[in-house]
Structures are given as C-alpha cells and as structure tokens.
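Please open the structure in your viewer and keep the selection panel at hand. The stops below say what to select at each step and what is to be found there.

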Amino acid sequence: MGNVAVVGAQWGDEGKGKIVDWLSNRADVVVRFQGGHNAGHTLVVGEKVYKLSLLPSGLVQGKPSIIGSGVVVDPWHLLEEIAKLEGQGIAISPDILTLADNACLILPLHRDLDQAREREAAAAKIGTTGRGIGPAYEDKVGRRAIRVADLADPAALDLKLPRLLAHHRALRRGLDLPEIDAEALRTDLLALAPRVLPYAKPAWRVLDTLAKAGKRILFEGAQGTLLDVDHGTYPYVTSSNTAAGQAAAGSGVGPGRVGYVLGIVKAYTTRVGSGPFPTELSDAVGRHLGTVGREFGVVTGRARRCGWFDAVLVRQTVAINGIHGMALTKLDVLDGLDELKICTGYRIGETRVLDHLPAGMTDQAAATPIYETLEGWSDSTQGARSWRDLPAAAVKYVRRIEELVGAPVALLSTSPERDDTILMYDPFAG
C-alpha cells in the first residue's frame with residue numbers, strides 16, 4: 001500500500017482542501033505536517049461548506065487525523081475549530097484526532113508581536129495573516145517555546161515561561177506593547193489543559209504503528225512551495241518548510257514512508273499578500289479569474305491577486321518537491337476565454353532571459369513573463385467527470401502544461417464539488 005504527500009505547487013490556495021478530502025476516501029489516516037491556522041482549506045460536500053485552517057481535512061470524511069509536531073498550534077483556535085465542525089455535524093473526539101504532544105503552541109503574545117511588526121514595517125510589510133505563526137516558529141527554533149506536553153506539567157511551565165517572557169518583554173517594550181501578565185498567562189494555559197490534553201499523544205508512535213500495519217497515510221501540506229521559507233519568494237514567505245521534504249520531519253516518520261508526492265496546481269496563478277508575481281493581471285481577464293474563481297482567502301478574506309499560468313514556477317516546484325504527478329484544479333474558471341497564455345520564461349532588463357525564478361528580491365521584482373498563447377474554449381468544463389467530456393482545446397491546454405512543467409496530471413478538478421474530479425492515475429497505487 002502506498003502513502004501520498006499532498007503539497008501546494010504555487011503560492012497556496014490551489015485547492016488542496018478538496019483534493020485531500022477526495023483522497024481521504026482512499027486513505028486510512030490523514031496527517032497535517034506544517035504551518036498553523038494561517039492556511040485555509042475549503043471543502044464543499046453537497047450543500048455544506050466546511051472551512052478549515054488547522055484541523056486536517058480528513059476529519060470531514062470521518063478519517064483518523066493527526067496534527068504533527070511540525071505544526072504550530074493555537075490551542076484556543078483549535079478548540080474553536082473543533083466546536084465549529086461539531087456544530088456542522090462532524091463528531092470529533094480523541095479517538096479520531098491526535099495532537100502531537102511535542103507540537104509547539106502559539107500564544108497571544110505571538111499574535112501581538114506579529115501584528116505589531118507588520119504595523120511598524122509599513123510599506124516593507126510582508127503581508128502575514130497576523131496570527132502569530134512566524135513568532136511561534138521563532139520561539140521554537142530559539143528553544144524557548146511552550147509545547148503541548150507542558151500543559152500537563154506545571155513545573156515545566158514554571159521553568160519555561162520566565163525564559164520565554166524574558167525574550168518577549170524586551171521586544172514588546174520596543175514596540176510599545178503592554179507588559180505581559182505572567183501569572184495570568186500561566187493560569188490560562190493550565191485552564192486549557194483539560195480540554196486539549198485528551199488529544200495529545202506521541203504522534204510519531206501512532207504513525208509508526210499504523211505504517212507497520214500497512215495502513216495508507218495521507219500527508220497534508222498547507223500553503224504552497226513558493227511560500228517555503230527556503231525555496232519561496234523570500235522574504236514574502238511563510239515561516240515553515242512547505243515542500244514535500246517536510247512531510248517526514250513534521251509528522252515524525254522516515255522519508256522513505258512519504259511515498260507518492262502529489263502537487264496541487266491551479267490552472268492559472270494566484271497569490272495573497274505582498275511579493276513578486278510575474279504573470280499578475282490587472283485587466284478584465286484578471287478580474288474574470290478573481291470573480292469566477294471566487295478568489296478570496298479563507299482565513300483573511302483578502303482578495304487574491306490573479307494571473308496567467310506560470311509554467312516556470314511550477315517546473316521549479318516540481319523539481320524541489322520531487323512531484324510524481326499533479327492535481328490540476330479550477331480548470332472550469334478558464335471556460336469562455338478566447339485565448340489563454342502560459343508563461344514559459346522570464347526577461348530581466350534588455351539582455352537577460354531566465355528559465356527559472358531567481359533568488360534575489362530585485363531580480364524577482366523585475367522578472368517579466370515570456371508568454372505562449374493557446375486557443376481558449378467556449379464549452380463548459382464545469383462538473384466534467386470524464387476526460388471525454390472536456391473540449392479539445394481544454395485537453396490541449398492540460399497536455400501543454402504537462403509538457404512544460406515535466407509532470408503528468410493525475411487528477412483533474414472541474415468544480416469545488418467533491419465528486420467533480422477526473423482520476424487519471426491513483427496516487428495510492430504508488
């Protein structure tokens with residue numbers, strides 16, 4: 001039995017939620033391996049719409065799900081999201097949800113710091129969600145974070161909180177933030193403990209047991225590879241590794257257990273927040289993509305920037321992730337456009353032509369796309385569930401994307417609905 005890692009191959013918002021939900025039918029357990037509650041997933045099941053930002057998407061299918069140690073967890077938000085799903089009829093208990101006991105916590109002081117830094121940065125801000133994810137990862141690598149297991153150990157809190165607060169007090173004074181009430185924070189954390197700790201387990205051990213029993217594991221990534229702290233459009237990135245290599249470390253399994261890497265790719269390109277975007281459109285086509293594609297962030301509600309498909313970027317993320325196959329989403333949003341463009345390279349200045357996105361900020365901002373133009377189609381692809389249902393021009397568009405990025409399309413999504421998916425290759429086949 002094969003395992004599958006699902007990663008975003010652009011700037012996030014590629015439709016991972018639907019694809020993970022769809023693949024959950026074939027999986028035995030779903031694992032979220034990085035990020036925090038800054039990453040939104042929307043699942044449409046019949047008349048119901050589920051919006052998740054921290055919980056693994058497999059819970060909607062009733063699949064055992066794990067929040068791995070690579071995730072930073074806001075415990076208050078976790079409990080709110082559990083309550084919200086339960087209000088929609090999804091039962092969640094420690095029997096179905098595991099929270100890694102070595103995951104680090106996002107605290108209110110992290111959110112304060114995140115938002116204050118963005119305010120101070122003014123025009124140089126990087127467009128974070130303001131939810132404290134970056135500062136929480138800073139404390140994790142600074143070895144001063146509070147972890148889930150510490151909620152069961154008041155003595156550990158008494159030892160760790162002074163070290164954590166010594167760091168944050170200096171930052172807060174410099175940003176004119178109020179002093180932290182250490183005792184109130186300690187009290188709040190201990191009050192959370194009875195509600196959070198029932199979910200806490202050694203996630204690595206749970207996964208090891210499942211893997212040895214031959215169970216199929218679905219590793220669920222958040223955001224996209226172009227937001228990876230190493231490989232993305234730095235500094236306009238998130239604070240974690242979003243690439244497939246993190247599936248192992250952030251879950252607690254060996255890399256040999258990750259299996260098939262499925263890259264989720266939108267049929268055009270979007271991004272939220274600041275940063276370079278070579279194929280961005282500010283014309284009627286860009287507005288069409290945003291309106292028809294309902295391009296608004298699940299977490300922030302911010303309108304997404306929209307543009308033509310960038311094969312240069314996706315070819316790069318295919319290589320970085322070792323992507324075996326793609327799930328191409330939102331093809332139906334392109335219905336009715338007379339012509340389509342695909343970026344095949346970049347020009348920088350008068351003399352430089354590149355076949356990859358450079359690492360430097362100035363070069364990234366200066367990159368202008370070299371386009372190839374394809375014929376559009378007037379027939380609808382929405383809801384198509386067979387390759388034969390697609391217009392010839394749509395098939396040609398998909399095939400050209402495969403050629404340019406160097407990876408085959410394994411799944412094709414033609415609407416937000418769960419079952420409007422064309423399967424060309426089952427990732428769990430290995």
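**A pair of helices**

Begin by selecting helix H2, residues 75-87, together with helix H6, residues 182-196, which pack at an angle of about 35° with their axes 10 Å apart. As you look, keep in mind that this is a predicted model. The crossing of H2 and H6 is left-handed. To see where they meet, show the side chains of Pro75, Trp76 and Leu79 in H2, and then those of Asp188, Leu189, Leu192, Arg195 and Val196 in H6, which they contact. Sorted by kind, the residues of this contact comprise 6 nonpolar and 2 charged ones, with no polar residue in the set.

**The nonpolar cores**

Which residues have the most contacts inside the largest nonpolar core? Select Ile92 and Tyr397, which hold that place in a core of 90 residues. Helix H12, residues 392-405, supplies the largest share of this core, namely 7 residues. Apart from this core lies another, of 16 residues, and you can find it by selecting some of its members, including Val20, Leu23, Ala27 and Tyr260. In soluble globular proteins, nonpolar side chains tend to be buried together.

Return now to Ile92 and display its surroundings: leaving out residues up to four places away in sequence, Ile92 touches Leu55, Leu59, Ile82, Leu85, Glu86, Leu97 and Tyr199.

**The open sheet**

Next, colour the strands in the order S9-S7-S5-S2-S10-S1-S11-S15-S19-S20, which is the order in which these 10 strands form an open sheet with mixed pairing. Its edge strands are S9, residues 200-201, and S20, each of which pairs on one side only. Within the sheet, zoom in on strand S5, residues 65-67, and strand S7, residues 97-100, which pair in the parallel sense over 3 bridges. Here Ser65 stands opposite Leu97 in S7.

**Strand S16 and its partners**

The hairpin of S16 and S17 has 3 residues between the strands, and in it Gly349 takes a positive phi near 70°.

**Two threonines in loops**

For the last stops, select Thr414, in the loop between strand S19 (409-413) and strand S20 (421-423). Is Thr414 buried or exposed? Its relative accessibility is 0%, so Thr414 counts as buried. Beyond residues up to four places away in sequence, Thr414 touches Lys18, Asp332, Thr381, Gln382, Gly383, Ala384, Asp420 and Ile422.

Finally, move to Thr238, which is found in the loop between strand S10 (217-220) and helix H8 (246-251). Thr238 counts as buried because its relative accessibility is 9%, which falls under the 20% cut-off. With neighbours within four places in sequence set aside, Thr238 is in contact with Asn38, Gln223, Leu227 and Val229. If you draw a distance from its C-alpha atom to that of Gly35, the separation is 8.1 Å, although Thr238 and Gly35 are 203 residues apart along the chain.

Notes:
Residues numbered from 1 in each chain as written. Predicted model: local features only at pLDDT ≥ 70, side-chain atom pairs only at ≥ 80, totals over all residues. Heavy atoms only, no water. Axes fitted to C-alpha atoms, helices over the stretch in contact; angles between N-to-C directions. Helix = DSSP H or I, 4+ residues; strand = E, 2+ residues; numbered from the N terminus. Left-handed = near helix turned anticlockwise from the far one by under 90°. Contact = heavy atoms within 4.5 Å. Nonpolar A, V, L, I, M, F, W, Y, C, P; charged D, E, K, R; others polar. Core = buried A, V, L, I, M, F, W, Y, C linked by side-chain atoms within 4.5 Å. Buried < 20%, exposed > 50% of the residue type's maximum accessible area, 1.4 Å probe, protein only. Pairing = 2+ DSSP bridges.
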